[in-house]
Amino acid sequence: MSFPPQSKSKHVLVVGGGEVAAGRILHALNADARVTVVSPTSGLNPEVSYRIAENQVTHIDRTFEPSDLDNADMVLCAIDDPEASTQVWKLCKERRIPANIADVPPECDFYFGSIHRDGPLQVMVSTNGNGPRLAAIVRRKIADALPENMGAAIENVGSLRKMLRAVAPDAKEGAKRMKWMSAVCEEWELDDLVKMTEEDMVALLTHYAAGDVPPLEQVRLERMKINE
Ligand SMILES: C[C@@]1(CC(=O)O)C2=NC(=C\c3[nH]c(c(CCC(=O)O)c3CC(=O)O)Cc3[nH]c(c(CC(=O)O)c3CCC(=O)O)/C=C3\N/C(=C\2)[C@@H](CCC(=O)O)[C@]3(C)CC(=O)O)/[C@H]1CCC(=O)O
Ligand SMILES: NC(=O)c1ccc[n+]([C@@H]2O[C@H](COP(=O)([O-])OP(=O)(O)OC[C@H]3O[C@@H](n4cnc5c(N)ncnc54)[C@H](O)[C@@H]3O)[C@@H](O)[C@H]2O)c1
């Protein structure tokens, strides 16, 4: 699940190719959407031009036309022309396509938030329209407070959880699996979760049956003994 909501494999139409569109495109690509940008080449921001050159998005080199909405699952409009953007909004409503017209709250089915991403970690800050600049400030404070490599730690936990479900697939063991996995996350330092290798995971999983969670150093000592 990513932001914008439910955009995996969906077709997102971005109207405009300026600085704000560049941010919208990044969020849509991060959410695994297929993205089409309609905007004259003359007005493209360098980041948008780069994504077009790299074939990350499809480009239509002209101003918006109603037919651009054919096959669009979601529309993100960021143009410097209020009348044209209101027209985009009205057409989207006629066709029941969810839309965000940047900076025009009455013409938004959903708002963007200020987003911090680190690998699989996603933190979205919303002020519900009250102060977007403050949303960015709060986002930066949260990001600064997070340990470095938080995303890497989360990726490792994801791998461990997958391996645990392979080792103990029984649906009846759900409560035990959850309790043990929570204990690993609570009892280990984040740093250890980052450092955890696949071999460490295999060794740690041998403790699952008994339900204990030894510290990483102990897991490594046990591994060395087995390898001797
Ligand atoms: C969070 C962020 C996400 C993004 O866009 O990606 C975002 N705006 C950002 C920046 C920003 N926007 C504006 C400024 C100038 C300073 C200021 O006004 O504060 C700055 C600051 C800057 O540029 O640094 C101007 C502005 N924005 C809106 C209005 C209209 C109004 O309020 O009525 C006006 C006034 C226009 C005018 O005065 O004419 C409206 C919206 N902007 C939203 C999102 C939605 C509410 C989200 C929320 O409150 O949580 C909402 C409702 C609709 C939407 O656009 O989705 C992104 C920060 C990204 C980041 O850096 O992390
Ligand atoms: N929510 C936010 O974060 C935020 C922040 C700043 C500005 N804005 C608003 O977003 C809008 C865009 O800002 P920007 O800085 O990206 O502007 P910009 O001038 O950099 O870009 C505008 C883009 O729209 C294109 N364009 C204009 N008319 C078009 C049309 N009819 N069809 C297709 N493309 C068209 C231009 O070619 C250009 O690529 C403005 O309305 C601005 O007020 C929003």
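Here are legends for a few close-up views of this predicted model.

**View 1. The shell of residues around ligand 2.** Ligand 2 has 22 residues around it, and those that come nearest are Gly16, Gly17, Gly18, Val20 and Gly43. Sort the shell by class and you get eleven nonpolar residues, seven polar ones and four charged ones.

View 2. Val20 is among the residues that come nearest to the ligand.

View 3. An unreviewed UniProt entry puts "domain: Siroheme biosynthesis protein Met8 C-terminal" at residues 147-214. In the model this span is 68% helix and 0% strand, and its end C-alpha atoms sit 22 Å apart.

**View 4. How helices H5 and H6 pack.** H5 takes in residues 150-167 and H6 residues 174-187; their axes are 11 Å apart, at an angle of about 155°. Angles over 145 degrees count as roughly antiparallel, so that is how H5 and H6 run relative to each other. As for handedness, the two helices make a right-handed crossing.

**View 5. Side by side at the H5 and H6 contact.** From H5 come Val157, Leu160, Arg161 and Leu164, and they meet Arg177, Met181, Val184 and Cys185 of H6. By class, the residues of this contact are six nonpolar and two charged, with no polar ones.

Conventions:
Residues are numbered from 1 along each chain as its sequence is written. Chains are lettered from A and ligands numbered from 1 in the order in which they are written. This is a predicted model: local features need pLDDT of at least 70, side-chain atom pairs count only at pLDDT 80 or more; totals for chains, interfaces and linings use all residues. A residue is near a molecule or strand if its C-beta atom, placed from the backbone, lies within 6 Å of it. Ala, Val, Leu, Ile, Met, Phe, Trp, Tyr, Cys and Pro count as nonpolar, Asp, Glu, Lys and Arg as charged, and the others, Gly among them, as polar. UniProt positions are given in the numbering used here, feature names are shortened, and annotations may be inferred rather than shown by experiment. Helices (H or I, at least four residues) and strands (E, at least two) are DSSP runs, numbered from the N terminus. Axes are lines fitted to C-alpha atoms, for helices over the stretch in contact, and angles run from 0 to 180 degrees between N-to-C directions. Angles under 35 degrees count as roughly parallel, over 145 as roughly antiparallel, 65 to 115 as roughly perpendicular and the rest as oblique. A crossing is left-handed if the near helix is turned anticlockwise from the far one by less than a right angle, and right-handed if clockwise. Two residues are in contact if their C-beta atoms, placed from the backbone, lie within 7 Å.
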